[in-house]
Amino acid sequence: MTPASLALVRYGCVPEVARFDTGDVGPLQRDESIVVETPRGLELGRLLDFVKPAAPINGSDESPPATGQVRRIALKADQSKAALLRSRAEQEFAGWEQRIREWNLDLQLIDLEWTLDEAKLILYVLNERGPECTKLALQAAAAGFGVIEVQPVSLEGLKPIESAGGGCGSCGCHN
């Protein structure tokens, strides 16, 4: 990839920063609002910078793969929809807190958000990844709430979703 084909993008209401392939979208500028396709779905993001080419390490010039793809520069319609979804999430927050209490889960909900394509609801919880997160995802699916992802957050930040093994996100109920 050429140096300007990977961009660092901040996205999510509990922000993540990741590499995104810009493809043929452009020209892009720092601090531009863009729509990115993440493993969770379409999300609004903010372009931070372009990835600079790294010096080869141990004879390899491979860099980590992109997290997703930049789809387009955000339109006014994208920004309006994101604002509506943020308002919807704020209205739904108390209901999710109540469900967590009713389901006797030892989790503290700190935020939630919908992906821009409304394909997935992300519940951010102050907790380590583990059985309580999985129980929440399973309870929500069993109650007919559709596709959700439970994203643990620690005091240090987001806990990465692991591709295999126990814990939240690995049961397949969020896909």
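What share of the 175 residues of the protein chain counts as buried? The figure is 38%. Buried means under 20% relative accessible area, exposed means over 50%, and partly exposed lies in between (1.4 Å probe, protein chains only).

This is a predicted model, in which local features need pLDDT of at least 70 and side-chain atom pairs count only at pLDDT 80 or more, while totals for chains, interfaces and linings use all residues. Residues are numbered from 1 along each chain as its sequence is written, and side-chain values use heavy atoms, leaving out hydrogens and water.

**Layout**

The protein chain has two helices and nine strands. Their order along the sequence is β-β-β-β-β-α-β-β-α-β-β. Helices (H or I, at least four residues) and strands (E, at least two) are DSSP runs, numbered from the N terminus. Take contacts between residues at least 6 apart in sequence: 64% join residues at least 24 apart. Contact means heavy atoms within 4.5 Å.

**Cores**

A nonpolar core is a set of buried Ala, Val, Leu, Ile, Met, Phe, Trp, Tyr and Cys residues joined through side-chain atoms within 4.5 Å. The largest has 22 residues, and Trp96, Leu123 and Leu136 have the most contacts inside it. At least two residues of this core come from each of α1 (76-102), β6, β7 (121-126), α2 (131-142) and β8 (148-154). A second, separate core has eleven residues, including Val9, Phe20, Val25 and Leu28. Leaving out residues up to four places away in sequence, Leu136 touches several residues, among them Trp96, Trp103, Leu123 and Val150.

**Surface**

The protein chain exposes about 9600 Å², and carbon and sulfur atoms supply 52% of this area. Areas come from the Shrake-Rupley method with a 1.4 Å probe; for residues, only the protein chains shown count as cover. Ile110 sits in strand β6 (residues 108-114).

Asp31 lies in the loop between β2 (16-21) and β3 (33-38). Beyond its neighbours within four places in sequence, Asp31 contacts Arg46 and Leu47. Asp31 and Arg46 are 15 residues apart in sequence, yet 5.6 Å apart in space, C-alpha to C-alpha.

| Residue | Relative accessible area | Class |
|---|---|---|
| Ile110 | 33% | partly exposed |
| Asp31 | 49% | partly exposed |
| Cys13 | 25% | partly exposed |
| Cys133 | 0% | buried |

**Cysteines**

A disulfide is a covalent bond between the sulfur atoms of two cysteines. The rule used here asks for a pair of cysteine sulfur atoms within 2.5 Å. By this rule, the count is zero disulfides.
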